[in-house]
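These are my notes from a first look through the structure. I wrote down each term as I came to need it.

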Amino acid sequence: MKLTQMILAVIVVVLGMTTAVGADAGEIYTQRVADAIGPGIADFVVKGIARADAEGAACLIIELDTPGGLVESMRKIVMAMYAAQTPVVVFVSPSGARAASAGVMITMAADIAAMAPGTNIGAAHPVGGGGQEINETMAEKVTNDLVAFVKGIAQKRGRNAEWAEKAVRESVSITDKEALEEKVIDVVAQDVDDLISQIDGREIAGKGTLNLADADRKEIRESFRTKILKTISNPNIAYILLMLGLAGIYFELSHPGAIFPGVVGGIALVLAFFSLQTLPVNYAGILLIVLAIVFFIMEMKITSFGLLSVAGVVSLFLGSLMLFEGNGPTGGLSWQVLIPTVLVISVFFVIVAGLAFKAQTAKPRTGGRGLTGEVGVVKQKLDPHGKVFVHGELWFAKATEPVEEGERVLVTGVDNLVLEVEPEDGGQKTEDRGRRTEPSRE
């Protein structure tokens with residue numbers, strides 16, 4: 001019995017040692033995040049944590065510099081940190097960097113929170129997507145939700161929950177030294193080397209002891225997918241994609257069968273919709289842009305002498321102006337993009353609408369309607385049937401009266417591929433056309 005107990009004790013000790021070694025072994029992974037927190041960044045960080053877990057990293061150091069960003073993207077990052085098996089370190093660096101707004105929650109959610117000298121953290125009061133103030137009732141709900149969230153983070157990581165609440169309610173911001181004194185962070189380090197030396201040997205609850213002295217480093221870089229997500233989440237890119245998509249679809253509808261504009265427009269619209277769902281969008285702006293498209297389509301159907309086109313241009317401009325706000329961390333629509341895009345797209349819509357209207361009102365050039373009113377030359381005497389050369393083709397024809405070969409006839413209709421014709425100008429022969437009539441001599 002004692003022997004069995006001894007064997008079990010040895011197994012437990014060995015397993016415990018194996019677990020500890022597994023936690024401490026591996027490389028130090030580093031990841032640079034210097035942008036607004038959005039879907040692209042969230043995807044980058046979450047995948048970085050998953051990779052560190054899968055490859056048994058000793059720890060993951062996220063070098064952070066952010067003005068803030070979207071709440072949902074921030075929550076994804078925080079949840080990934082909670083679920084991580086690898087110790088996660090957030091280091092606000094280099095000097096001059098900040099962890100503002102959503103960056104506060106991300107920093108405080110790390111297993112170890114660190115800052116470089118000359119950095120700051122705070123100002124986490126919620127604002128509208130574009131930086132605008134939220135109405136009072138909604139602001140209270142959003143603020144209370146974020147307060148509860150950040151206090152939960154602080155309590156879970158053993159940090160200053162009172163200051164975290166002030167950062168959300170009062171937008172307070174503090175320096176690296178103040179953050180250390182207020183127990184908002186754990187370490188102030190000059191650089192990554194200094195940070196590693198200071199946190200080496202620290203015990204991380206549930207994750208073992210950090211053993212970083214001899215660990216190699218590996219940098220996690222942004223993938224092509226992440227770069228695409230970040231790029232199309234830019235308001236200027238999203239706006240251009242939206243305009244290209246609408247222009248392509250509009251051209252395809254007005255000229256069915258072109259195919260290429262419709263394909264490009266469809267792809268651009270899908271990318272634009274993805275971008276718009278991640279950005280602060282004013283729905284009044286979207287409605288005005290849609291109304292502009294309606295005006296341009298109506299221009300093809302109704303003779304408005306350009307009034308509908310003018311209304312479309314005005315609606316497009318106002319909608320573009322209102323589409324995004326420019327005070328938030330994700331930025332707004334640039335005037336250098338807005339003005340040229342509105343001008344180019346407006347001119348495109350007006351030209352296409354004009355061409356479509358002209359095509360609809362123009363006289364048909366094929367079929368019976370296209371032949372009616374045309375003038376041809378008799379190639380075989382009509383008595384009353386014969387042949388007429390018109391539109392570069394030889395047609396069977398019938399006339400109401402005999403018409404000699406070579407005379408000109410006017411097509412008055414088509415009946416079962418047989419032209420109905422009548423003499424033109426008394427049936428003057430083609431060889432007599434243009435012959436000057438000489439004055440009679442007496």
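I count two residues as in contact when they have heavy atoms within 4.5 Å of each other. The model is a predicted one, so I note its limits: local features need pLDDT of at least 70, side-chain atom pairs count only at pLDDT 80 or more, and totals for chains, interfaces and linings use all residues. Residues are numbered from 1 along each chain as its sequence is written, and side-chain values use heavy atoms, with hydrogens and water left out.

Entry 1, L229.
I looked up L229 and found it in helix α9, residues 224–232. Helices here are DSSP runs of H or I with at least four residues, strands are runs of E with at least two, and both are numbered from the N terminus. Leaving aside neighbours within four places in sequence, I found L229 in contact with G40, D43 and F274. Is L229 buried or exposed? L229 is buried, as its relative accessible area is 12%; buried means under 20%, exposed over 50%, and partly exposed in between, with a 1.4 Å probe and protein chains only. I also checked L229 against F44: they are 185 residues apart in sequence, and their C-alpha atoms are 9.6 Å apart in space.

I placed E162 in helix α6, residues 161–169. E162 counts as exposed, at 56% relative accessibility. Its C-alpha atom is separated by 9.9 Å from that of V150, twelve residues apart along the chain.

I took a nonpolar core to be a set of buried Ala, Val, Leu, Ile, Met, Phe, Trp, Tyr and Cys residues joined through side-chain atoms within 4.5 Å. The largest has 51 residues, and M81, M105, M108, I121 and W163 have the most contacts inside it. Not counting residues up to four places away in sequence, I listed V104, M108, I121, G122, V172, I174 and V184 as touched by W163. Another core, of 31 residues, lies apart from that one and has A238, A272, F296 and L316 among its members.

Two strands pair if DSSP finds at least two bridges between them. I followed an open sheet of six strands, in the order β8-β5-β3-β2-β1-β11, with parallel pairing. Its edge strands are β8 (187–188) and β11 (217–220), each of which pairs on one side only. Four bridges join β1 (residues 28–33) to β11, and I28 stands opposite R217 in β11.
Elsewhere, I found β12 (residues 375–380) joined to β15 (residues 408–415) by three bridges, running antiparallel. V377 has R408 in β15 as its bridge partner. Three bridges also join β12 to β13 (residues 385–390), again antiparallel, and a hairpin of four residues connects β12 to β13.
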